[in-house]
Amino acid sequence: MTSKRIELIAKPNPAHFVGDGFRVHNFIPSYPGLDMKRMDPFIMLDYNSKYAFPASSSPKGVGVHPHRGFETVTIAYKGKVEHHDSAGGGGVIGEGGVQWMTAASGVLHKEYHEREWSKTGGDFQMVQLWVNLPAQYKMSAPKYQALDHEKIAKVNLPEGAGIVEVIAGEFKGIQGSASTFSPLNMLNTKLEKDGQVEFTIPADHNTAMLVVEGSVRVNDTDIVPTDHLALFENKGENFTVFALQKAVVLILSGEPLNEPIAAHGPFVMNTRAELMEAFRDFNEGKFGYLED
Amino acid sequence: MNNFRFTHFLTSNAHLDRDLTDQILSHCSRKEVRKGTFLLRSGEKIQHSFFVEKGLLKQYAVDKKGKEHILQFAPENWLMADRESEYFDQASSYFIESIEDSEIFYINKDLILQLAKADERFIAFNNFLLHRHIRSLQKRITQLQSAPAEERYLDFIQTYPDLTLRVPQTHIASYLGITPESLSRVRKELADRHRSHS
């Protein structure tokens, strides 16, 4: 098997606020070379790098907004997020936890810093990903997978090199905790200093790695610093990650859906007509109702 | 050939030819304005109409209590003008403000007046735009006089399909002439009706 090499290393774009609670660097789709087609099925990646929020009596966040046609995956590294939706669901994503929301035919939701956490504030660090759904599932029923840190499958690496949390997909024969609609891997990898791990990922998967903490060397050649994202070539299957310092990296890979994308704001469909329908359905209340 | 929405607007709606659209464009300036920029303030006089290439404008009056009443929104491909000031040389009663970072074509009044004398294609186009605008104002007056809040809202989402995601509820309520609480109620009732049907 040949090695998978790095195609580009993206430095974080200037941060912007989503609502007043998420200070994010957008990588997908705005960074040159990381557009929706190249990263298919990952259509959006916002990264809230570690940022200290001051104490606040009213929780900061994002008010009611709709989604249709894809899944949102929120990975909490620091801080806590509380969410509510129009189907009556809700919950708290704690540190190390993942919320996998299949918006599919449509939900309204809102996300805020958890009320108690807000009162003290502190370091906040999150990843939010949008994972596109295959056309046949875009209008299926919405659902949630709440994955607390304890519930996520884990693989201990040999020689105490670290641990791989298999959020979705597969690593060393261990299946990921979240179910997905297309083949993909989402591996949260925690390495001790000088720890090394090798990944084997199909050549055709669009593959990226976000360095959340520390810095790493990939394939003995490329150094990827904190808060940077590396995109891999669609050639070769294997790559190694070596921790120059204690590090946390998020590995993402997915088989491209190769379907047309019609996207506007919070709706990602296949055709323009479906997009117009999404706006009409949202405006006419077909996504339900949620108090701000 | 440039790729401005404005060029497309002129060629596709009025079937104006290249020479005329080039002439119009060469007499317009394109400006990038940040969110919260005033293109017109009440009391001022203005020499321009605006075409929104990208972003969003609102035109509104402020009453004696300081409350804002939104007359019109102008997202991409819309024109916005204050006729009172531009064509009647009176101090304006309105504010025009960008509510997103925007790219705006400033269309000089003299250009419009000159073309309206000289070019039949432009005259026909300009008349069409004016009639369409007056029609929508007539409809809006009748709605404000007599239509229930839900009907006003349904008409709003037809006119501006994506604005519910771009502006706060308070802006929509102001445009509809209802309270934000009434707007919430309308949206909740619509959602409930869909839920009970599904």
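Modeller: Apart from neighbours within four places in sequence, A:Leu250 has contacts with A:Ile75, A:Val127, A:Asn188, A:Met209, A:Leu210 and A:Val212; a contact requires C-beta atoms, placed from the backbone, within 7 Å of each other. This is a predicted model, in which local features need pLDDT of at least 70 and side-chain atom pairs count only at pLDDT 80 or more, while totals for chains, interfaces and linings use all residues. Residues are numbered from 1 along each chain as its sequence is written, and chains are lettered from A and ligands numbered from 1 in the order in which they are written.

A:Leu250 belongs to the largest nonpolar core, of 79 residues, and is among those with the most contacts inside it, together with A:Met209, A:Leu210 and A:Val249. Such a core is a set of buried Ala, Val, Leu, Ile, Met, Phe, Trp, Tyr and Cys residues joined through C-beta atoms within 7 Å. A residue is buried when 20 or more other C-beta atoms lie within 10 Å of its own, exposed at 12 or fewer, and partly exposed in between. A second, separate core has 35 residues, including B:Leu16, B:Leu39, B:Leu57 and B:Tyr160.

Now the strands of chain A. Helices (H or I, at least four residues) and strands (E, at least two) are DSSP runs numbered from the N terminus, and two strands pair if DSSP finds at least two bridges between them. An open, antiparallel sheet of four strands has the order S18-S23-S20-S21 in chain A. Because S18 (196-200) and S21 (222-224) of chain A are at the edges with a single partner strand each, one side of each has no neighbour in the sheet. From one strand to the next the twist averages 25°, with axes fitted as lines to C-alpha atoms (for helices, over the stretch in contact) and angles taken from 0 to 180 degrees between N-to-C directions. Within this sheet, S20 (216-218) pairs antiparallel with S21(A) over three bridges, and A:Val216 stands opposite A:Val224.

A:Asp46 in S4(A) is the bridge partner of A:Asn26, and in S11(A) the partner of A:Asp46 is A:Gln128.

A:Ile28 and A:Pro29 are joined by a cis bond with omega about 5°, and A:Pro29 is in the loop between S3 and H1 (36-39) of chain A. From A:Asp40 to A:Pro41 the bond is also cis, with omega near 10°, and A:Pro41 is in the loop between H1 and S4 of chain A. Most residues other than glycine have a negative phi, and most peptide bonds are trans.

A:Glu159 lies in the loop between S13 (153-156) and S14 (162-168) of chain A, and is exposed, with 9 other C-beta atoms within 10 Å.

Notes: Contact = placed C-beta atoms within 7 Å.
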